[in-house]
Structure formats: C-alpha cells, structure tokens
Amino acid sequence: MKIFIDSADVDEIREAVSLGLADGVTTNPTLIARSGRNFKEVIGEISALVDGPVSAEVTGLTADEMVEEGLEYAKWSENVIIKVPLTREGLKACKRLSSQGIGVNVTLCFSANQALLAAKAGATYISPFIGRLDDVGQDGMDLIAEIVEIYSNYPELKTQVLVASVRHPRHVTDAAMLGADVATIPFGVLDKMFNHPLTDSGLEKFLKDWESVQG
Ligand code: G3P
C-alpha cells in the first residue's frame with residue numbers, strides 16, 4: 001500500500017520524505033488555509049520535495065471552472081494531480097481532465113455508487129473519507145471494503161482507492177488489510193505508527209544487557 005501525506009506543511013512533508021515514507025501528498029483547501037501560505041507557492045515546494053503525485057484541489061463549482069483551474073495547476077509541476085469534488089460537475093471535469101491525460105483525484109466520496117461513477121469518469125484516485133463517516137456513526141471501513149470489492153469485480157476500472165480522512169493508526173491497518181491502494185495519512189498519525197511500548201522496553205533491556213558485559 002502506498003502512503004501519501006495528508007498535509008500542506010512543508011516541514012512535515014520534508015520529514016516524511018527523509019523517512020523514505022512519502023509516496024505522494026494530498027492537500028485540500030482547509031490544509032492550505034492552515035499553512036497560511038500562498039497556494040501555488042506551497043504546491044510548488046511540495047512538488048519539488050516529493051517524488052510522487054501531489055493533489056491540488058479546485059474550488060470552482062462548475063465543470064468549466066474546475067477544468068480551467070485544473071489545467072492551470074497542471075502546469076505548476078508534472079507531479080500535480082487535480083482534486084475535484086464528487087459532484088455532477090466534478091465528475092464532468094474529471095472526465096475532461098483525465099481525457100487530456102491529467103491525473104484526477106475525486107474527493108469527498110461517501111458511498112460506493114459515487115466511487116463507481118468516479119471510476120467511470122476516469123478518476124486516477126477515489127478518496128473515500130472514512131473518519132467523517134465514523135463521525136456520523138457509520139463504519140467508514142465498510143465503505144472501503146465495498147469499493148475495493150466493486151473495483152476488483154471490474155478490472156477495466158483502473159481507479160485506485162485512496163483512503164482519506166484517516167484519524168488513527170488502526171485506520172491504516174484496516175485499510176491495508178482490505179487491500180486499499182493508498183492511505184493518505186496526517187503526519188501525526190504516521191508518527192504514532194512507529195510506536196510500540198514493547199519496542200521501547202525491549203530496546204532499553206538489550207542496551208542495558210549489552211553494557212553489563214562490556215569491559
Ligand atoms: O484527505 C482528506 C482529509 O484531509 C480530511 O480529513 O480529518 O478533515 O476528515 P478530515
């Protein structure tokens with residue numbers, strides 16, 4: 001499973017790259033606003049750091065507006081792929097951009113039927129938001145299972161399942177067990193994935209025992 005970093009914080013992304021763990025990056029308008037920086041500048045810096053796709057999200061509401069924005073963003077770096085919302089207009093834009101060979105990440109997916117439509121529209125990635133489904137009392141991981149099964153029933157659908165709105169390490173484990181193609185992970189969650197108390201206590205004991213037999 002590929003790991004994307006769900007962040008617009010260049011320092012976090014640099015750290016994930018230095019760990020050798022960033023296969024790509026996803027941003028959204030909230031993350032860009034949180035960075036407090038200019039959109040084009042941030043996307044340019046991230047694209048220079050990461051050897052993989054960097055999602056830049058459109059904010060227009062019509063397909064024409066989204067295509068116009070997408071064509072502009074695609075010029076910023078060959079790593080940039082265009083994130084469009086899962087609306088009628090978003091899928092129209094997806095079809096038009098993907099037909100021109102531009103990668104598209106369809107975001108804000110909350111149902112298997114939406115994922116099916118995105119794949120038909122030529123999406124490179126579909127982004128189901130599992131944490132937000134958990135928030136409203138549904139099991140987000142059930143949606144991942146449905147989408148993985150549907151896509152695997154139809155090998156002609158090439159869209160990759162990009163698990164988004166990941167909130168904790170267990171989400172990542174479950175996504176990997178279901179065979180999702182990608183999980184996009186906030187840096188804080190990635191950080192937690194390294195940790196286990198038995199690793200810490202085990203290492204401490206090894207080092208203590210080693211020291212006790214040194215002259
Ligand atoms: O990748 C989408 C993600 O950024 C949304 O996460 O935590 O705002 O639901 P969250």
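**Labels and cut-offs**

Reader: Why is Asp135 called exposed?

Author: Asp135 has a relative accessible area of 54%. Exposed means over 50%, buried under 20%, and partly exposed in between, with a 1.4 Å probe and protein chains only. Asp135 is therefore exposed. The model is predicted: local features need pLDDT of at least 70, side-chain atom pairs count only at pLDDT 80 or more, and totals for chains, interfaces and linings use all residues. Residues are numbered from 1 along each chain as its sequence is written, and side-chain values use heavy atoms, leaving out hydrogens and water.

Reader: What makes Asp135 and Arg167 a salt bridge?

Author: The closest N and O atoms of the two residues are 3.0 Å apart. A salt bridge is a side-chain nitrogen of Lys or Arg within 4 Å of a carboxyl oxygen of Asp or Glu, so the pair qualifies. Asp135 lies in helix α7 and Arg167 in the loop between β7 and α9, so parts 32 residues apart in sequence are tied together. Helices (H or I, at least four residues) and strands (E, at least two) are DSSP runs, numbered from the N terminus.

Reader: What makes Lys83 and Glu57 a salt bridge?

Author: The N to O distance between their side chains is 3.8 Å, within the 4 Å limit, so the pair counts. The two residues are 26 residues apart, with Glu57 in strand β3 (residues 54-57). Glu57 is buried, as is Lys83. By this rule the count comes to 10 salt bridges.

Reader: Why are Arg170 and Asp174 said to be about one helical turn apart?

Author: They are 4 residues apart in helix α9, which means a separation of about one helical turn. Arg170, at 48%, is partly exposed, and so is Asp174, at 22%.

Reader: Why is Phe206 called exposed?

Author: Phe206 has a relative accessible area of 63%, over the 50% limit, so the label holds. Phe206 is found in helix α11 (residues 197-212).
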